[in-house]
Amino acid sequence: MAKADYRMGQRDGSDQNFDYMFKLLIIGNSSVGKTSFLFRYADDSFSNSFVSTVGIDFKVKTVYRHDKRIKLQIWDTAGQERYRTITTAYYRGAMGFILMYDITNEESFNAVQDWATQIKTYSWDNAQVILVGNKCDMDDERVVAPEKGKQLADQLGFEYYEASAKENINVRQVFERLVDIICVKMSERVDTDPAVVTGAKNTRLTDKPPQLPQNCAC
């Protein structure tokens, strides 16, 4: 596949609502918790009821890094095989992927390699990927050890997190880290504002605007 042109992430000059836009996808088998993960991050909400995603859906969230506004377009994809042709069409142009499995479902873990192959087949070579073992709050039902997840991530060249959408464990951290990695890659490929791309590993993203200095008369 062609190398990623990270200039795609830069805003159109006529759009004053953001400085950069990153397209992100959450992929993995059905019922691993992709939709819950997205809703926890975008809306800080969680529902125990399971409704299978039909095709593909997305949410938009704006985060701030230094003085830059980054618009995240986050796509939630259906895991069922019958939707695969539809969902893989959205891989093109994605700058980052969250590849998810359920730590209580070994089949979803075994499918990770196939999902990774799809990323390699349908997306840019330089799309960034984080492997997430979801539902870590259900440790008593665990069938996939953390060591196995980390080992597979290392083998695939991905970073690895265990998370829980229900208990809000590592949800924000996963998205922050994915954006961090994309910013680093942007700095390597295009001459862009250092305020956006330097110190990416240690700089947290926030969904609140940067605070402006205020004069205090106290």
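In what order do the elements of the protein run from the N terminus on? The answer is β-α-β-β-α-β-α-α-β-α-β-α-α, which comes to seven helices and six strands. Keep in mind as you look around that this is a predicted model.

Over residues 10-15 pLDDT stays under 50, and the model gives them seven contacts beyond four places in sequence. Residues 191-204 also sit below 50, with 29 contacts in the model beyond near neighbours in sequence.

Now for the overall packing. The chain has 218 residues, and 48% of them count as buried. If you take the contacts between residues at least 6 apart in sequence, 75% of them join residues at least 24 apart.

Next, take a look at the second largest pocket, which holds about 330 Å³ of space. Its lining is made up of 16 residues, and the ones nearest the centre are Lys120, Ala127, Val129, Leu156 and Phe158. Which elements supply at least two residues each to this lining? Those are α4 (112-122) and β5 (128-134), and α4 gives the most, with five residues. Sorted by class, the lining of this pocket has eight nonpolar residues, five polar ones and three charged ones.

How values were computed: Residues are numbered from 1 along each chain as its sequence is written. This is a predicted model: local features need pLDDT of at least 70, side-chain atom pairs count only at pLDDT 80 or more; totals for chains, interfaces and linings use all residues. Side-chain values use heavy atoms; hydrogens and water are left out. On a 1 Å grid over the protein atoms alone, a cavity is a set of points where a 1.4 Å probe fits but cannot get out, and a pocket is an open set with protein on both sides within 12 Å along at least five of seven lines; lining residues have an atom within 4 Å of a point. Grid points are joined across faces, edges and corners, and a volume is the space filled by probe spheres set on the points. Helices (H or I, at least four residues) and strands (E, at least two) are DSSP runs, numbered from the N terminus. Ala, Val, Leu, Ile, Met, Phe, Trp, Tyr, Cys and Pro count as nonpolar, Asp, Glu, Lys and Arg as charged, and the others, Gly among them, as polar. pLDDT is the predictor's confidence in each residue, from 0 to 100. Contact means heavy atoms within 4.5 Å. Buried means under 20% relative accessible area, exposed over 50%, partly exposed in between (1.4 Å probe, protein chains only).
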